[in-house]
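Subject: Structure handover

Dear colleague,

I am passing on the structure we spoke of, and I would be glad if you could look it over. My notes come after it.

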Amino acid sequence: MNRRAFARIALTLPAASWLPPSFSQAVAGVGKLLVGYPAGGTLDTTARQLAEAWRKQGRQYIVDNRAGAAGRIANSQLKRERPDGATLLCTHTSALTIYPHVYSRLMYDAAADLQPVSPLVAATCAFAVSSTAPAGVVDVKTYVDWVRRAPDAVSYASPAAGSFAHFLGYQFSDAAGLKLQHVGYRGSAPAMQDLIGGQIPAYFGFVADFLPYLQQGRIRILGVTGDKRTPFLPKVATFTEQGFPKVRGVETYGIFAPPGTPEGTIEALHSAMVTATKDPALRTAFEQVGLEPLTLTPQEYAKQLRREREFWAPIVRASGFRSEE
């Protein structure tokens, strides 16, 4: 199953379900999962798969797409919702760890307005070159050697300016002593098209971006950014293994509740997420598009987010990138 098939399946999930009043202390009526991107994208379909797994538990939510502003519209909406577990947010980690250092007008307080429940999946990034790169470019070291000899190869793409992948590229550029030039795209699909076509020599993106193209021989994946190798690309070494330990990071997609949600409701939601990630259908759907199921306690997730927010602050600052949007 590729990402498009995953999206088609998710979009056929029931669109009108109702949350039983017995759920935690929560809610009678509609349960909503806010998503800050259009229907059919990876974040949207991830939320829809969770909603389907919860439906099997008798906890029924629908996905409410509030697309725009790189997810910030949906993220800022959460603080306006009642803290009863009826409305939740599915968003990516970087909205809380990188965005605060990037956007002049964030519209929400990343530390106070989104109450962590748990991550749902982990998404590892990978770095690849087009097949138009010299045949000897097969890993990170040979890429660095190539770029030093070929100034016209210094650009790399990411799915968006200000994204997680953008700053992983900056980390790599700095660690390798290069001056790589970032090219931000509007999504992974056009970036992948240009990578395959040779219009851009290199691309930092998520593992899921590359899986449909692995058998075509039109890209070469040189490294992954996790602390360990991803099971989806077991032969590809991490940047740490290749001598670049500073180039690491894994994005998570998580579930968040409005500020002030009672602890008992948060714990009930967390328990429901743990149960959902044991659903074989959910795990299979995630794994087929390069996402690894992951849960942490609300307390562990909150600590992880604080650490990552502190970690990215000097990196974003050193890059000089700032968005006035």
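The notes below take up helix packing, a pocket and the aromatic pairs.

Please keep in mind throughout that this is a predicted model.

I begin with helix packing. Helix α2, which covers residues 42-57, and helix α11, which covers residues 280-287, have axes that come within 10 Å and cross at roughly 170 degrees. As an angle over 145 degrees counts as roughly antiparallel, the two helices α2 and α11 are therefore roughly antiparallel to each other. On the α2 side the contact is made by T46, Q49, L50, A53 and K56, which meet A281, L282, A285 and F286 in α11. Sorted by class, this contact of α2 with α11 comprises six nonpolar, two polar and one charged residues.

The volume of the second largest pocket is about 540 Å³, and its lining consists of 23 residues, of which D227, R248, G249, V250 and E308 lie nearest the centre. The elements giving two or more residues to this lining are β4 (115-130), β9 (250-257), β10 (292-293) and α12 (298-319). By class, the lining of the second largest pocket holds nine nonpolar, seven polar and seven charged residues.

Finally, a search of the whole structure finds 19 aromatic pairs. One of them is formed by F127 and F239, whose ring centres are 6.4 Å apart and whose planes stand at 55 degrees, so the pair is tilted. This pair links distant parts of the chain, since F127 belongs to strand β4 while F239 sits in the loop between β8 (219-224) and β9, 112 residues apart.

Methods:
Residues are numbered from 1 along each chain as its sequence is written. This is a predicted model: local features need pLDDT of at least 70, side-chain atom pairs count only at pLDDT 80 or more; totals for chains, interfaces and linings use all residues. Side-chain values use heavy atoms; hydrogens and water are left out. Axes are lines fitted to C-alpha atoms, for helices over the stretch in contact, and angles run from 0 to 180 degrees between N-to-C directions. Helices (H or I, at least four residues) and strands (E, at least two) are DSSP runs, numbered from the N terminus. Angles under 35 degrees count as roughly parallel, over 145 as roughly antiparallel, 65 to 115 as roughly perpendicular and the rest as oblique. Contact means heavy atoms within 4.5 Å. Ala, Val, Leu, Ile, Met, Phe, Trp, Tyr, Cys and Pro count as nonpolar, Asp, Glu, Lys and Arg as charged, and the others, Gly among them, as polar. On a 1 Å grid over the protein atoms alone, a cavity is a set of points where a 1.4 Å probe fits but cannot get out, and a pocket is an open set with protein on both sides within 12 Å along at least five of seven lines; lining residues have an atom within 4 Å of a point. Grid points are joined across faces, edges and corners, and a volume is the space filled by probe spheres set on the points. Rings of Phe, Tyr and Trp (its six-membered ring) pair if their centres lie within 6.5 Å; planes under 30 degrees apart count as stacked, over 60 as edge-to-face and the rest as tilted.
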